[in-house]
Amino acid sequence: TFHIDARTKPSQLRDIFREAMKCPCSIILIHELDLIVSNIGRSLCEEMDRVADADAPGKEAPPNIVIIAEAFQLVEIPSILRKRGRLNTDILIPVPDADARGRILKSLVPPHSPSSLLSLLERLGERTHAYTGEDLALLLDKACEIARRRSRVARSEGLDAKNELTKEDMDEALLAVRPSAMHDITLQPPKVRWD
């Protein structure tokens with residue numbers, strides 16, 4: 001597996017692709033393409049064309065290379081990179097639903113967490129409409145920071161305080177961390193009941 005990210009210089013692309021073509025089977029992962037395309041777009045097109053040419057009919061041993069690029073904003077990817085033989089297949093990952101958000105939150109805590117925390121996270125999953133996985137990680141980080149601060153203040157006042165997440169910590173974190181996917185028009189609305 002080969003990685004291309006914001007630290008990759010255009011001059012390094014040729015070496016990455018050359019090494020990938022030497023392998024019997026390789027994967028090239030391009031991280032945050034929408035952010036780095038202005039720096040490496042032209043060089044990336046040239047290297048992808050070189051791979052496509054090596055894969056043309058009549059070549060002895062075409063390279064088995066899979067190029068995967070991830071991007072947050074698909075509209076930021078220029079059409080020149082989306083031509084046939086380059087990046088021509090899109091896989092859209094939807095914003096997680098309530099059940100998936102609950103599972104994501106549970107996966108972010110230690111494996112042997114108390115059941116009270118797991119049920120709190122499950123309820124939080126229902127309340128975090130339009131939050132992405134990254135938003136949920138930031139939300140949990142913020143809640144932990146609030147819990148640590150609360151514990152320090154309580155200890156400085158001479159009180160016995162546990163450094164455990166509470167519903168109040170989560171509520172305060174929800175005010176600070178907003179969902180990044182509210183602009184997405186394909187979101188499922190939350191289930192709101194009259195009671």
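What you're looking at is a predicted model, so local features need pLDDT of at least 70, side-chain atom pairs count only at pLDDT 80 or more, and totals for chains, interfaces and linings use all residues. Residues are numbered from 1 along each chain as its sequence is written, and side-chain values use heavy atoms, with hydrogens and water left out.

Back to that pairing. Strand 1 (residues 2–4) and strand 2 run parallel and are joined by three bridges; two strands pair if DSSP finds at least two bridges between them. Helices (H or I, at least four residues) and strands (E, at least two) are DSSP runs, numbered from the N terminus. On its way from strand 1 to strand 2, follow helix 1 (residues 10–22): the three elements make a right-handed β-α-β unit. Right-handed here means that, with the strands pointing away from you, the path from the first strand over the helix to the second runs clockwise.

Strand 2 also pairs with strand 3, again in parallel, through five bridges. One of the residues involved is Ser26, whose bridge partner in strand 3 is Ile65. Strand 2 (residues 26–30) has two faces: Ser26, Ile28 and Ile30 lie on the covered one, while Ile27 and Leu29 lie on the uncovered one.

Now for the helices. Helix 1 packs against helix 2 (residues 33–54) at about 20°, their axes 9 Å apart. Axes are lines fitted to C-alpha atoms, for helices over the stretch in contact, and angles run from 0 to 180 degrees between N-to-C directions. That makes helix 1 roughly parallel to helix 2, a label for angles under 35 degrees. Contact (heavy atoms within 4.5 Å) involves, among others, Leu13 and Phe17 of helix 1 and Ile40 and Leu44 of helix 2.

Further along, the axes of helix 4 (residues 115–127) and helix 6 (residues 167–176) come within 11 Å and cross at roughly 25°. That makes helix 4 roughly parallel to helix 6. Among the residues making the contact are Leu120 and Leu124 of helix 4, and Met170 and Leu174 of helix 6.

Last stop: Phe72, in the loop between strand 3 (65–69) and helix 3 (98–107). Is Phe72 buried or exposed? Phe72 counts as exposed because its relative accessibility is 56%, and the cut-off for exposed is over 50% (1.4 Å probe, protein chains only). Leaving aside neighbours within four places in sequence, Phe72 touches Asp34 and Ser180.

Key:
Buried < 20%, exposed > 50% of the residue type's maximum accessible area, 1.4 Å probe, protein only. Parallel < 35°, antiparallel > 145°, perpendicular 65-115°, else oblique.
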